[in-house]
Amino acid sequence: MIWNTRNATYMFTVPDFPILEKQNWLIHLHYIRKDYEACKAIIKEQLQETQGLCEYAIYVQALIFRLEGNIQESLELFQTCAILNPQCADNLKQVARSLFLLGKHKAATEVYNEAAKLNQKDWEICHNLGVCYIYLKQFNKAQDQLHNALQLNRHDLTYTMLGKIHLLEGDLDKAIEIYKKAVEFSPENTELLTTLGLLYLQLGVYQKAFEHLGNALTYDPTNYKAILAAGSMMQTHGDFDVALTKYRVVACAVPESPPLWNNIGMCFFGKKKYVAAISCLKRANYLAPFDWKILYNLGLVHLTMQQYASAFHFLSAAINFQPKMGELYMLLAVALTNLEDTENAKRAYAEAVRLDKCNPLVNLNYAVLLYNQGEKKDALAQYQEMEKKVNFLKDNSSLEFDPEMVEMAQKLGAALQVGEALVWTKPVKDPKSKHRISSTGRPAGFQQPLGSNQALGQAMSSAVAYRKLPSGVGGTSQLTKPPSLPLEPEPIVETSEQTREK
């Protein structure tokens, strides 16, 4: 028996063992050098000499198969390793990993649980179990496993997955707390900083969003997600030229990003360059034909340009992908009204009213259409419903309503002979005020639109084509914000209906 100085183990001098050790070393050497062809040649020779019973050679062969995309073959080889050495947790972990990659998440959890019995202090097993439970939508079990993984060993990836669970559950506050802990643990991780900045951006906390996005760009000036988010913030506040400068940098890194071209299009929309806006939005639509937000924006631009047939086309497509959004039906009704299809416009408004319980603009536009059609009783009912929503918003927030919306409501109230519409007061124009009611009845800052456009509502009133109101009772009720795309879909964490802009 001799002492092997390479691996500090005793090795018998039986001829086959030193040869086997040398070949395993060569396999390992070629594998870490990524010389897979040479590695496979040695593995083949090794397996012939050992009659297919060399565990290490089979293990590395399985790893190579997985790298080459042959997941099923790798699974079979890892299962062979587990049979040869059933007490090795690493073999079971690799079997579970292959099952996970094949989409067999339930089977993967069973194997990971078997591996956990052999090694209860392995953070990787707990982490991967948590990920499997996420795919199985068993979020409570996933959180338990991910917390166990953090107790064993803190990793950025575990924090990220835990935050994604809260995002999937719609709990932004808990997600932010997790990402804050992650940033404290890893303050130079640009992905974590960018994600945290985007979450603050969703909540309208611009100062903290700017701080974290700025830190991300400090560590990685080429981080296109952070640049895109920073451009979105500038765009939200009307700095379209500065935002376009940021987007120019992003275009060099990801020239085929749908959110990028969507945001660029809405920048041009804000600058009232409608042809350029449509061109960019159609490019975004080409890159992401099933994204309802892009279709929404295309419909909005065409409405503004009074191209009602095109607007109807894109808004109908958006409704197919987002059938429970009342605002889309309202805009569709606007297009139908201008196409002189009054009956279908009424149906669209009725659906919008049914789906949207907080936006007074829906009821106002519907009331205008009904009044123009001589249906004063129904128009009054919609007007009173609008007043209820306005009262609720005034009681729960201190927001300034859009002046044009207020003016239109006052004129319609006078036409319907409901007095001075006590819930409405003429807003005092304060240049410092930044809060207005958006199309969803929430503060404009609550959403993160693709572009904060002051010219968004030129075609938003169903009274545009039918000026039948008495003298002085005419106008347009407008949307102040378009929907926009979230910053790069996630995973997960997809997360996107809450943020409309990247």
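Author: Accessible areas here come from the Shrake-Rupley method with a 1.4 Å probe. On that basis, the chain of this predicted model exposes about 23,900 Å². Carbon and sulfur atoms supply 53% of that area.

Reader: Where does UniProt place the feature "repeat: TPR"?

Author: The UniProt record, an unreviewed entry, puts it at residues 156-189, 190-223 and 292-325. Such annotations may be inferred rather than shown by experiment. In the model, residues 156-189 are 79% helix and 0% strand, with end C-alpha atoms 8 Å apart. Residues 190-223 are 82% helix and 0% strand, and their end C-alpha atoms also lie 8 Å apart.

Reader: S186 belongs to a loop; which helices does that loop lie between? And why does S186 count as buried?

Author: The loop runs between helix 10 (172-185) and helix 11 (190-203). As for burial, the relative accessible area of S186 is 14%, and buried means under 20%, so the label applies to S186. Leaving aside residues up to four places away in sequence, S186 touches D156 and L192.

Reader: Why is helix 21 described as largely enclosed by the rest of the structure?

Author: Because 13 of its 13 residues are buried; each therefore falls under the 20% cut-off.

Reader: What makes N359 a cap for helix 21?

Author: A side-chain oxygen of N359 lies 3.0 Å from the backbone nitrogen of L361. A polar contact needs a pair of N or O atoms within 3.5 Å, and N359 caps the N-terminal end of the helix. Following helix 21 comes G374, whose phi is positive, near 80°.

Reader: K346 is in which helix, and why does K346 count as buried?

Author: K346 lies in helix 20 (residues 342-355). Its relative accessibility is 14%, and buried means under 20%, so K346 qualifies. Not counting residues up to four places away in sequence, K346 touches Y366, L369, L370, Q373 and E375.

Reader: On to the aromatic rings. How many aromatic pairs are there, and why is the pair of Y31 and Y36 called tilted?

Author: The whole structure holds 8 aromatic pairs. For Y31 and Y36, the ring centres are 5.9 Å apart and the planes meet at 50°. Y31, at 21% relative accessibility, counts as partly exposed, and so does Y36 at 23%.

Reader: Why is Y224 called partly exposed?

Author: Y224 has a relative accessible area of 24%. Buried means under 20% and exposed over 50%, so Y224 falls in between. Y224 lies in helix 13 (residues 224-236). Y224 and Y247, 23 residues apart in sequence, are 9.0 Å apart in space, C-alpha to C-alpha.

Reader: What makes the phi of K137 and the phi of Q306 worth a remark?

Author: Most residues other than glycine have a negative phi. K137 has a positive phi near 65°, and Q306 has one of about 60°. K137 lies in the loop between helix 7 (123-135) and helix 8 (139-152); Q306 is in the loop between helix 17 (292-304) and helix 18 (308-321).

Reader: How do you know that K137 and Q306 count as exposed?

Author: Exposed means over 50% relative accessible area. K137 is at 64% and Q306 at 55%, so each counts as exposed.

Note on methods:
Residues are numbered from 1 along each chain as its sequence is written. This is a predicted model: local features need pLDDT of at least 70, side-chain atom pairs count only at pLDDT 80 or more; totals for chains, interfaces and linings use all residues. Side-chain values use heavy atoms; hydrogens and water are left out. Helices (H or I, at least four residues) and strands (E, at least two) are DSSP runs, numbered from the N terminus. Buried means under 20% relative accessible area, exposed over 50%, partly exposed in between (1.4 Å probe, protein chains only). A polar contact is a pair of N or O atoms within 3.5 Å; within protein, one must be able to donate a hydrogen and the other to accept it, and residues adjacent in sequence count only if both atoms are side-chain atoms. Rings of Phe, Tyr and Trp (its six-membered ring) pair if their centres lie within 6.5 Å; planes under 30 degrees apart count as stacked, over 60 as edge-to-face and the rest as tilted. Contact means heavy atoms within 4.5 Å.
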